[in-house]
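Dear colleague,

I am handing over the structure we spoke about, and my notes on its charged side chains follow directly below it. Please read the two together.

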Amino acid sequence: MRKESKFFKYLAKPFLDILGRSEHIYMVVIAIIIGVLGGFGAVGFRYLIQLFQKIFWQTNRFSLFAVNNTPLLLRVAIPAFGGLLCGLLVYYFAKEARGHGVPEVMEAVALRSGVIRPRVVVVKALASAISIASGGSVGREGPIVQVGSALGSSIGQFFKANARQLKTLVGCGAAAGIAATFNAPIAGALFATEIILGDFGVSQFSPIVISSVAATVLSRHFMGNLPAFEIPKYQLVSAYEFIPYFILGISAGLIGVLYNICIHKSDDLFEKIALPDPVKAMLGGSIIGVIAFGFPQVYGVGYETITNVLRGNSVALTLLALIFVKILATSITLGSGGSGGIFAPSLFIGAMLGGLIGKIAHQFYPEITAPSGAYALVGMGAVVAAATHAPISAIIIIFELTNTYNIIPPLMVSCIISVLLAGRLKRESVYTDKLVRRGVDLYQGQDINILKNMHVKSIINKDILIIPENTSYPEIIKIMTNSAHQEAFIVDKNQKLIGYIPALSLTELISESRHLGQLIIASDIAQKIQPVLPDDNLDYVMHQFGRHRVDELPVIDNMINKTVIGAICQKDIIDMYNREIFKHDLAGGMHSLLSSISTDRSVEISDGYHLFEIELPQGLAGKSIRDINIRKRFNIEIIMIKKLSVEEGTIPNRPGIFPYPEYVLEIGDNLLILCRKEDLKRFREQR
C-alpha cells in the first residue's frame, strides 16, 4: 500500500470523516490551516527577499543609500543577472509564475475550478524574490497572492475539496497573503472576494475572513503590529479640499489607464523580440539598471520613496518624473519576463501623483489644504482603484494603513471618480485585460471563452478536396459532382493555396460547359478565401466562416508557404462547442450526477453520446491528461474525476475535481466521461 494511502487510512481519513458531517466546520478548519500557512508564506517570502538582497546588494534592508554606494557597473549587472535567474526559473519550472500572478489565479478560478499546480508555490516565491531583490520594478503583493492561492489550492486538492469549495479555498489563500503583507485583515478578505472570486456570498466570505484573520495574527507575531508604511496623522482641513481631491481622482483615472496600457504594450513588444525568454528577462533587467542611473527610486518595491513622499519630503519635478518613469520601469520588468506584483507600483505611482497635486494645492492655498502627504495617501488608493477596478479594496487598504476615519471621505471621492473614469476609458482592469488577451472574459462568462481557448489543430480534418490549378472545367465538374464536399481548394504545383471553388458557383457556368470546354481551368474561376493556421483559435475561425459563408476553410502550414495541410469544418466546431458547454454546465451539479451513475450504467445524452463512470484503466496510471491526449486518441471528454479512498469509497460531500491538462491520473480514480460506446471499448483496453 502506498504511503499516501496509509496516511489517509490512519490519520487524514478519520479526521475528514468527522469534518465531513458538517461542511461549515470542514471549511472553517481548512480556512484556519490555509490562513496560518499563508501567514508563514508571507513572512517567509519577506525573509527570502532579504536573503537575496544580502546576496545582491550586501544589505538586508534595501535602500537608496545602499544603491548609491554600489559601483555603476553592478547597478546594471545585478538586475540583469536577477532577470536571467528569474527567467530560467519560470521558463523551465512553471511558466504561470511569469508576470504579476493575480490574473493567473483569476483564470484558475474561472476555468479550472481553482486548480493550481503545487510547484507554483516554490517557483513563484523564488522567482519573485530574486526579481524584487535584484532591483526589478515590481511589488511583493501579487506574488504572495499567487503563492497563497496556490497553497489554498494545494491544500484543497489534498483534502479532496469539490470545485465550489476549492475556489473558496483559493480565495482564502489570496486573502491570507494580502492580510499578512499589509497587516490588514479586512482588506485581505475584501481583495479576495472582490477581485479573485467576484462573489460576496456568505458561504464564500466566512472562510475567507477566517483565513485573513489567522494570517494577520501570525504575521503580527513575527513582524510586529506595524503598518506597511509609516503614516503621519492626516485630516480634512476644509470642505474646499474636495476640489483638489476631485482633480486627483480624475488624474488617477487617467494614470491608471495609462499604466494598464503600458504594461500590456510592453508584453507585446517583448513578445516580438526573437530571443529566448530568459535572455529577454536579462535584457529587461539591464534596461532597469540603466534607468536607475537617473532614478534609483525605481528599484524594487519603492516603499522607502513612498514613505518619504507621505512625509512631504519631495520635490514637485521629481514627483512628476517618477510617475512616468515608474510606469515605464514596471512595464519593462513584467513585459520582459520578470516576476512580481503590480500592486506596489500602483501605490508608488499614486503616491507620486497625489504628492504632486498636494504640493501644488498647498502652495497656492496653504490655509485650507492639508500637507502634500495627505494627497499622496489618497492618490495611492485612487490609482490602485483605477488600475484594478476594485475601489472597495483600495479604500479599505488605505483605511487600515492609517487607522483614521478622517481620510475616508476624500479617499472615497477620489477612488470612485478614478474608477468610474478608468472604466469608461478602458473596460478591462490591469488584471482582467491580461485574461481577455488570452480569450478569458470574466464579465461575459465562460461560454464566450471556450472557443478562444481551443485551436484549429485540435479538430483539423485531413479529408479534403484539392484540385490542381490547371484542371479543366469539365474535369472540375466531374470531380466535384462525385464528391461530398461543398468546397474544393485550388493549389499550384507546390501545393500552395490559390483559392477555392464552391459547388454552388458551378451551376452558373454549367450551361456553358459545352462551349467553354478546355478554355477555363481551375485557377480562372478560383475565388479568394482566408486560410487559417493550426494555432488560430476557433473564435477567430468562426468569424471567418461568417465572412465567407462556407462549410470548410483551408488550413495551411504558415503564411509564407501557404501549403494546404487540411481543412476545418464549421459543423465540427459547433459540435465541439456544444460538448464543451455541456461539460462546463455539469461542473456545478456534478455531485448528484456522479452518485446516480454506476460503473454498469450510463446516461445517454444525444447522437450516440453517453455519460459513463468508469475506473481508470491500469495502463494509463501515472500519466497526465495532456500526455495521454485522451480527446484526440480516443474521442473521449473527461467531465470530472472522482477521487476514491482505498477501502471505503468517496469522502462524504466531496464529489471530485475538474480535469486539467497537468493532472496525473492514479489507480483508484473514477472518471466521468462523455463518449460513444465504441470509443469507450477502445479506452478500456488500455491495460
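**Salt bridges and their surroundings**

Arginine 427 is partly exposed, with a relative accessible area of 43%, where buried stands for under 20% relative accessible area, exposed for over 50%, and partly exposed for what lies in between, computed with a 1.4 Å probe on protein chains only. Its side chain meets that of glutamate 428 in a salt bridge at 2.3 Å, N to O, and glutamate 428, at 8% relative accessible area, is buried.

Please keep in mind that this is a predicted model, in which local features need pLDDT of at least 70 and side-chain atom pairs count only at pLDDT 80 or more, while totals for chains, interfaces and linings use all residues. Residues are numbered from 1 along each chain as its sequence is written, and side-chain values use heavy atoms, with hydrogens and water left out.

Searching the whole structure gives 4 salt bridges, a salt bridge being a side-chain nitrogen of Lys or Arg within 4 Å of a carboxyl oxygen of Asp or Glu. Among them is the pair of lysine 426 and aspartate 433, whose side chains meet at 3.0 Å, N to O; aspartate 433 is buried, with a relative accessible area of 8%.

Another joins the side chains of lysine 280 and aspartate 277 at 4.0 Å, N to O. These two residues lie 3 residues apart in helix H12 (residues 277-294), and are therefore separated by about one helical turn; helices here are DSSP runs of H or I with at least four residues, numbered from the N terminus. Lysine 280 counts as buried at 7% relative accessibility, whereas aspartate 277, at 35%, counts as partly exposed.
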